[in-house]
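Thanks for making time, everyone. I'd like to walk you through one structure today, so let me get it up on the screen.

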Amino acid sequence: MNSFQMVRGRLMAESVAVKSLASRYGTPLYVYSRSHIEGQYAALTRAMAPVKPLICYSVKVNTNAAVIGTLAELGAGADVVSGGELYRARRAGVPPSRIAFAGVGKTREEIEYALRAGLLFFTVESEPELDRIAECARRLGRKARIALRANPDVDPETHHYISTGKKENKFGLDLRRIERAYRRAAAHSSLEIAGLHMHIGSQILNPAPFAHALERVAGLCRRLRARYPTFRYLDIGGGLGIQYKPGQHPLDPARFAKVVLPFMKEWGLSVVLEPGRFLVGNAGILVTRVQYVKNGPSKKFVIVDAGMNDLIRPPLYQAHHEIVPVRATRGKIVGDVVGPICESADFLAQDRQLPSVREGDLLAVLSAGAYGFAMASNYNSRGRPAEVLVHGRRHALIRRRETREDLVRGEQRLPWR
Ligand SMILES: Cc1ncc(COP(=O)(O)O)c(C=O)c1O
């Protein structure tokens, strides 16, 4: 499904003209489609229906309360990786009993905050972390539910920065050591062994790595279920890939389900999924306005008002984002789309065939709903963009554009001269 379509030469976000959103809210502007989020959630729920999974939306991907809240309304839980994300998820209406807390570096303060909230479980990434969670739970007189994160050492065939289930990655526990870690967990009376967790990487387009990972943990799951009566969750993380380029095949939820369901049905565990990009990646675009077209000695630069501080994926992951005109034009040019940041890494596209544009024209950077605004920064003292959610003909500002005052909020004058 595509909620951003060209209709009679105008780019529409559902039933709203993107041009009108840019005029109303300014640029750069993130625009999200609620229908797209609903469609993706429904497609995954349908494909996985035989095991009735709990879909914990990975909050890191797009942290806006309206986005988290939309998914919470649909019945999603949340996957969080910090106290801040836990705060956001709860504030957006996700019940704590549907929140899983992952991440390799949880502090005592974060663990205690989560224990007080009462979560589904902590995903535990190391033995020292296990001991720390046990100690915090003991001190608070609570029982912490835990799922150890297995590192199955499989290649998810994705960019090396977003591969997380290989032995050289910092995530999870090696399969040779994980049973020892479960025994260590069982020895702590303040811990309850709730399940097993994995997350092998992101933007995975081929279902085979999921099958390999499940094959690797099959024996382990059976033994754990037999040994620990409280062991009942299998959380296989997120990672389902989406289409960024024309001709690229996204990971169809039905293909994914066909591969993972046989394992899950056999093991009889409660299934948890943690998709992020799949739910919101193609639900968002970044609208930007051309400031200058500069003819360099060797190439043309289309200089726009969105930079790497607004969308860092192209320089960080060499990610491809389609860029389309908001109003169709006839001619084509070839060049780089660059922002105003003082870095040569500040590009949204390089050596790309683009619509022929002039100063003042609007462009839309597609597939920007995941790891877009969430990774935005104030570098070069630029306020972060506004965010808008569209639903049918309606649209609403869900985060106002940051002002210059926002940039210095929290800074303090020195107490001495
Ligand atoms: C533990 C965990 N779960 C889920 C996700 C979401 O991944 P994706 O957006 O690829 O679905 C991530 C992403 O880093 C993660 O670290």
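Let's look at Glu274: a polar atom of its side chain sits 2.7 Å from a nitrogen atom of the ligand. Keep in mind as we go that this is a predicted model.

Okay, who else is around the ligand? There are 15 residues, and the ones that come nearest are Ser202, Gly239, Glu274, Arg277 and Tyr371. Sorted by class, that shell has seven polar, five charged and three nonpolar residues.

Now over to the nonpolar side of things. In soluble globular proteins, nonpolar side chains tend to be buried together. Here the largest nonpolar core has 102 residues. Which of them have the most contacts inside it? Those are Met48, Phe122, Ile146, Leu196 and Phe256. Helix H8, residues 208–227, gives the most to this core, with nine residues. Domain 1 (4–31 + 281–408) and domain 2 (34–278) each supply at least three residues to this core.

One last stop: Leu389, in strand S20, residues 386–391. Is Leu389 buried or exposed? Its relative accessible area is 13%, so Leu389 counts as buried, the cut-off being under 20%. From Leu389 to Gly238 it's 24 Å, C-alpha to C-alpha, and 151 residues in sequence.

How values were computed: Residues are numbered from 1 along each chain as its sequence is written. This is a predicted model: local features need pLDDT of at least 70, side-chain atom pairs count only at pLDDT 80 or more; totals for chains, interfaces and linings use all residues. Side-chain values use heavy atoms; hydrogens and water are left out. A residue is near a molecule or strand if one of its heavy atoms lies within 4 Å of it. A polar contact is a pair of N or O atoms within 3.5 Å; within protein, one must be able to donate a hydrogen and the other to accept it, and residues adjacent in sequence count only if both atoms are side-chain atoms. Ala, Val, Leu, Ile, Met, Phe, Trp, Tyr, Cys and Pro count as nonpolar, Asp, Glu, Lys and Arg as charged, and the others, Gly among them, as polar. A nonpolar core is a set of buried Ala, Val, Leu, Ile, Met, Phe, Trp, Tyr and Cys residues joined through side-chain atoms within 4.5 Å. Buried means under 20% relative accessible area, exposed over 50%, partly exposed in between (1.4 Å probe, protein chains only). Helices (H or I, at least four residues) and strands (E, at least two) are DSSP runs, numbered from the N terminus. Domain bounds come from an automatic or database domain assignment.
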